[in-house]
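Thanks for asking me to look this one over.

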Amino acid sequence: MQRKYNKISEEFFEKLKEIVGEKFIFKEYEIRWTYAFGGSIFNKDWIPDLIILPHEKRQISEILHFANKNKIPVIPRGSGTSLSSGPLTPYGGIVLDLNLMNKIIEIDIENNVVEVEPGVICDELNNILRPKGYFFPPDPGSSSVATIGGMVANNAGGIQAFKYGVTKNYVLYLEVVLPDGQILTLGSKVLKSVSSYNLKDLFIGSEGTLGVITKIGLRIRPLPKHRKLGIFIFQDVEDLQDAVMELRRQGIVPNLLEFMDKLLLKAVSEYLKGEFLDIPNGYVLLAETDGDLMKGVDETFALMFDIIIQKNPIYHKIAMNDEERERLILARKANLPALSRIRPNTCVEDCSIQVSDFAKVIKKIEEIPQKIKAKNLLVAIICHMEGNLHPTFLFNENDEDDVKDFEKAIDYLYKEIIMPVGGTITGEHGIGKIKTPYLKLEYSPGVIDLMSRIKKLFDPNMILNPGIGKGDTVYLKKNTRIRTLKNQTGQILEMKCMRCGFCISCPSKIDYMIEAYSPRGRLSILNGLVYGELELNDLINNILHTCSLCGLCQTKCPAGVKTIEIFEKAREIIHK
Ligand SMILES: Cc1cc2nc3c(=O)[nH]c(=O)nc-3n(C[C@H](O)[C@H](O)[C@H](O)COP(=O)(O)OP(=O)(O)OC[C@H]3O[C@@H](n4cnc5c(N)ncnc54)[C@H](O)[C@@H]3O)c2cc1C
Ligand code: SF4
Ligand code: SF4
C-alpha cells in the first residue's frame, strides 16, 4: 500500500509564498517536470507539486513546520546528481532546491575548519582552498556540480577514498532543521567530544530523511605537494587482486587505487583514442602515491611498483609529468561518457565487498547478461579498490525488454552475488528510491524496525523524502517508465544526455535560478515535447529562447551532447 499525503491547495500555496516570497516558488507544470530528471532513470509518475528555493534556515524551518502540520512531503535537493533517485519525488510534494544557499561562511585555516551552506559546490570550495594550500579531500566523480549538502546527505566518496576516506571523515558539525521546524546544531568545532550521542553522524548518509542540513562545519587538510601515478593492465583479475592484497599487507596506502574492467577499457580507448588505442585490453589498475616530499613519494611509489610488477601485468606506464598524469586520470574520468555512447542509458549501481572476494565477484558480475539471458543489456565495472564496486548497466530505458532485463540484472547482482559474500547494497550512492526491497537481504527485521523507529522519532508524519528505504519500508509502485515517441522530428532525441548535471551552471540558470533554465532542464523539456507529454506554450518558448547559445554547456558535457545543435534545431522546428 502506498503512503497517502495531502495535495497543495491554493490556500497552502499562498501561505508558502508568504514564507519565501513570490520569486522563489514555482508551480508551473513545465518547471516541475524538469525536477523529475536527475542522474538516474526517469519516471513520468514522479513529478513534484511545487518547487521552492529557500534562502535561509528560518524559511526552511517555517516550510517544514507548515508541511508537517499539513502532511505534505518535502524533498531536499542539491544539484540532482544522485544516482539512486534520492531527490526524486514518488509522492509529489515540495522540492526544496537548496542551490541559493551557497555561501562559504568562514575559512579558519588556523584550525583547519571551513563552515559552508549546503548549496556550496565541492569543486568551488576546493578552488578557493587550493591557493591557500588546503583541500577538502572527498572527490566524487561529480565534484564539479555536487553540493556539500548532497555529499553529506549521501556520505559521498570518490577516487581518493582509499587514503583520504569519505565525507563523514571530514564533518565536524551540522546545523539541521527537523520536520517540526526545530533548528539544531549537532557535533562540535573541536576535534574530540563525547558529550552527546553521536547524533551528527546519524544525519551523514541519511539521504534527506531525518532533517534538512542548513550549515556544515568541515575539516580540511593541507594539500600534498607531490604525487606519482601509474597504470597497470592485467590479463587476469586474480593477479590484480593479489597485487592489491599485497599492497595492503605491506602497509602501502596509495591515495588513488582504481579498477576498470575490459569492456570499460575498450570503450574508453575508443572514446579517447590517441595513445589509449595502443594499450592492450585487460583489467586496469590505476595507482598513485602522494605526499609532501618528492623523495618520500618516489620511495613509496617504487615499493608499490615492485609489488604490482611481481604480479605480472601485461602492460604498465608511469606518468612522467602533470600532462601525462592528466591523460591517465582522464581515462578514469571518461568512464561514463565513453559508456554512454554504447547504449542510451548507463545506470551505475553501487555496492561494497571485502577485497578478498574481489576477483570472484568481478567474474560473476561479468556473467550477469548471460545468466539472465539479456537481449541488449551489457555490464561494465568501475571500482574503488577499497572494495566499492560500480557495476554499470547499459540499456535503453524506453525498451520494455531492456527494462525487464535491467530489473533482473540488479536482482541477480544483489541476491546472487553481493549478499552471499556478506557485502552491502550501497557503498556511497545511498538506498535512494531503488534499493528498498534489497535492504531486508542485508539487515535483520530487528535492524529494519529500529531504523523505522528512528525515522518516526524525527519524522512521525513521514514527510521528509518518503520512499527512501532508510526508515520507510513501504515499497514504491513499479515504474511505468515505458514511453512512446510521438513528435520525434529532426532526431532531436539523438542527444545521449545521461542527466549527470555537469552542465547546470549555465548563465541563464544563474539568472533564472531553477533547473528548467539549465541545459539539462532544457533537454528534459525537449524530452517531454518529443514524447508528447508536454505541449509547446509561452513558458516553454521562453525557456528555449533564453538560451544564448553560448556553448558553455557543450564544453562541460562529458557525454559529448551537442547541445547547441539540439537547441538550435528545436527552435527551428518551433518556428516552423
Ligand atoms: C557522473 C556522476 C559521477 C558520480 N560519482 C560519484 C562518486 O564518485 N562518489 C559518490 O559518492 N557519488 C557519486 N555520484 C553521485 C552523486 O553525485 C553524489 O551522491 C553527490 O554527493 C550528490 O550531490 P547533489 O548535490 O547532486 O545531491 P542530490 O542528488 O540533489 O541529493 C542527494 C541526496 O541528498 C539529499 N539532500 C541534498 N541536499 C540535502 C540537504 N541540504 N539536507 C538534507 N538532505 C539533502 C537529497 O534529498 C538526496 O536524497 C556521481 C554522480 C554522477 C552523475
Ligand atoms: S548554450 Fe549557454 S545559455 Fe544555452 S543552455 Fe548551454 S550554457 Fe546555457
Ligand atoms: S547535457 Fe551532458 S552535461 Fe548536461 S546533463 Fe546531459 S550528459 Fe550531463
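1. A word on naming before we start: helices (H or I, at least four residues) and strands (E, at least two) are DSSP runs, numbered from the N terminus. This is a predicted model, in which local features need pLDDT of at least 70 and side-chain atom pairs count only at pLDDT 80 or more, while totals for chains, interfaces and linings use all residues. Residues are numbered from 1 along each chain as its sequence is written, chains are lettered from A and ligands numbered from 1 in the order in which they are written, and side-chain values use heavy atoms, with hydrogens and water left out.

2. Let's begin with ligand 2. α19 (519–530) and α21 (552–556) each give at least two residues to its shell. Among the residues around ligand 2 (a heavy atom within 4 Å) are Cys 506, Cys 547, Cys 550 and Cys 553, along with Arg 522 and Phe 567. The shell has nine nonpolar, two polar and one charged residues; here Ala, Val, Leu, Ile, Met, Phe, Trp, Tyr, Cys and Pro count as nonpolar, Asp, Glu, Lys and Arg as charged, and the others, Gly among them, as polar.

3. Ligand 3 is surrounded by 13 residues, the closest being Cys 497, Cys 500, Gly 501, Cys 503 and Cys 557. By class, its shell holds ten nonpolar, one polar and two charged residues.

4. Next, have a look at the open sheet of five strands, ordered β5-β6-β10-β8-β9 with antiparallel pairing (two strands pair if DSSP finds at least two bridges between them). β5 (104–108) and β9 (183–187) are at the edges with a single partner strand each, so one side of each has no neighbour in the sheet. From one strand to the next, the twist averages 10 degrees (angles run from 0 to 180 degrees between N-to-C directions, with axes fitted to C-alpha atoms, for helices over the stretch in contact).

5. Helix α3 (residues 57–69) packs on this sheet, touching β8 (171–177), β9 and β10, at about 50 degrees to β8; contact means heavy atoms within 4.5 Å. Helix α4 (residues 122–129) lies across β5, β6 and β10 and runs at about 40 degrees to β5.

6. Strand β3 (residues 74–77) is joined by four bridges to β4 (residues 94–97), and the two run parallel. Pro 76 sits opposite Leu 96 of β4.
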